[in-house]
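Me: Got a structure to go through with you. Can we take it piece by piece?

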Amino acid sequence: MAEQRGEEPGTGDARAGERGAEESRRGSARPEEARAWEDLVATARRTVSDGLVVGTSGNVSVRVGETVLVTPSGVPYDRLTPDDVTGVGLDGRQVLGTLVPTSELPMHLAVYRTTGALAVVHTHAVHATAVSTLVSELPLIHYMAAALGGPVRVAPYATYGTDELAENMLRALEDRSGCLLRNHGTVAHGATLAQAYDRTAQLEWMCRLWLTAASVPGLTPSLLSREQLTEVEERLRGYGQRG
């Protein structure tokens with residue numbers, strides 16, 4: 001008869017304690033997480049009010065230590081409350097809340113695992129999505145492309161919420177802080193939610209600008225050269241207030 005193997009003394013209680021601690025953690029956000037959640041909800045609502053998403057078609061996340069707070073799946077942003085805080089670890093395991101995280105979680109986690117970003121904004125902005133169906137790289141219509149690290153690439157199409165889409169996005173984001181997703185939308189990241197949102201808005205504006213200029217019959221928009229963009233990148237390094 002095979003020998004019965006039981007748990008070592010005390011391990012059952014320890015595991016039960018770990019499960020209890022996890023359940024308690026999922027229902028209680030730390031003060032810094034609660035503040036970050038407020039900022040996240042405000043940013044998510046702004047994507048709607050500014051016309052960058054319709055309904056719950058986009059998603060927003062912010063990293064606090066080893067926890068990633070993220071908008072939940074299918075919940076209108078105007079209904080989110082402080083009690084709806086939703087957070088996962090970098091391994092994707094849910095550590096805060098009971099609402100299911102966004103289906104685009106693989107994209108958000110891929111950004112955090114491979115960059116120093118602390119915030120990610122994903123939208124289905126109309127002009128940017130339209131451009132993603134037309135070109136493989138946004139033409140250099142304006143020097144603000146430099147603020148995103150260079151010419152904005154378009155990631156090949158893949159089904160939403162898949163690892164394939166996350167991998168395509170990472171390639172398009174190499175040395176960039178924003179990209180387009182073919183037939184899908186935009187992704188931008190930053191050191192703060194405000195920066196990630198600003199980059200998202202700038203990307204949508206540049207796409208709208210190019211579509212507008214390119215639509216004039218008989219005329220072709222003038223574009224910047226890579227050399228001109230490089231000069232702007234150098235100037236942007238000293239842009240803003242110091243101290």
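This is a predicted model: local features need pLDDT of at least 70, side-chain atom pairs count only at pLDDT 80 or more; totals for chains, interfaces and linings use all residues.

Me: How many helices and strands are in the chain?

Reply: The chain has seven helices and eight strands.

Me: What share of the residues is buried?

Reply: Of the 243 residues in the chain, 44% are buried.

Me: What about contacts in the chain, what fraction joins residues at least 24 apart?

Reply: That is 66%, counted among contacts between residues at least 6 apart in sequence.

Me: On to strands. Which strands pair with β8?

Reply: Strand β5, residues 119-123, is joined to β8 by five bridges, and the two run antiparallel. Strand β7, residues 178-181, also pairs with β8 in the antiparallel sense, over four bridges.

Me: Which residues in β8 are the bridge partners of threonine 123 and valine 121?

Reply: Threonine 123 has threonine 186 as its partner in β8. For valine 121 the partner in β8 is alanine 188.

Me: And for cysteine 179, what is the partner in β8?

Reply: Valine 187.

Me: What happens in the hairpin of β7 and β8?

Reply: Three residues sit between the strands. Asparagine 183 takes a positive phi there, near 55°.

Me: How many residues of β8 are buried?

Reply: Six of six, across residues 185-190. So strand β8 is mostly covered, with buried meaning under 20% relative accessible area.

Me: What about β5, how many of its residues are buried?

Reply: Five of the five, so β5 is largely enclosed by the rest of the structure.

Me: Which residues of β5 sit on each side?

Reply: Ala119, Val121 and Thr123 are on one side. Val120 and His122 are on the other. Every one of these residues is buried, and both faces of β5 are covered.

Me: Where does β1 come in?

Reply: Strand β1, residues 59-64, pairs with β5 in the antiparallel sense over four bridges. Serine 61 has valine 120 as its bridge partner in β5.

Me: Switching to cysteines. How many disulfides does the count come to?

Reply: Zero disulfides.

Me: Is cysteine 179 buried or exposed?

Reply: Cysteine 179 is buried, at a relative accessible area of 0%. Cysteine 207 counts as buried too, at 0% relative accessibility.

Me: Now a helix. How covered is α3?

Reply: Mostly covered: seven of the ten residues in α3, residues 105-114, are buried.

Me: Which residues of α3 are buried?

Reply: Leu105, Met107, His108, Leu109, Ala110, Val111 and Tyr112.

Me: Where does glutamine 94 lie?

Reply: In strand β4, residues 94-96. Glutamine 94 counts as buried, at 14% relative accessibility.

Me: What lies 2.9 Å from a polar atom of its side chain?

Reply: For glutamine 94, that is the backbone oxygen of leucine 99.

Me: Last topic, charges. How many salt bridges does a search of the whole structure find?

Reply: Four.

Me: What is the gap between the closest N and O atoms for glutamate 137 and arginine 226?

Reply: In that salt bridge it is 2.9 Å. Glutamate 137 lies in the loop between α4 (126-132) and β6 (154-155), and arginine 226 in helix α7 (residues 226-236), so the pair ties together parts that are 89 residues apart in sequence.

Me: How accessible are glutamate 137 and arginine 226?

Reply: Glutamate 137 counts as partly exposed, at 28% relative accessibility. Arginine 226 is partly exposed as well, with a relative accessible area of 47%.

Me: What does arginine 46 form a salt bridge with?

Reply: Aspartate 50, with the closest N and O atoms 3.3 Å apart. Arginine 46 is partly exposed at 44%, and aspartate 50 is partly exposed at 43%.

Me: And arginine 30, what is its salt bridge partner?

Reply: Glutamate 33, the closest N and O atoms being 3.4 Å apart.

Me: Is glutamate 33 buried or exposed?

Reply: Glutamate 33 is buried, with a relative accessible area of 1%. Arginine 30 is partly exposed, at 41%.

Conventions
Residues are numbered from 1 along each chain as its sequence is written. Side-chain values use heavy atoms; hydrogens and water are left out. A salt bridge is a side-chain nitrogen of Lys or Arg within 4 Å of a carboxyl oxygen of Asp or Glu. Buried means under 20% relative accessible area, exposed over 50%, partly exposed in between (1.4 Å probe, protein chains only). Contact means heavy atoms within 4.5 Å. A disulfide is a pair of cysteine sulfur atoms within 2.5 Å. Two strands pair if DSSP finds at least two bridges between them. A polar contact is a pair of N or O atoms within 3.5 Å; within protein, one must be able to donate a hydrogen and the other to accept it, and residues adjacent in sequence count only if both atoms are side-chain atoms.
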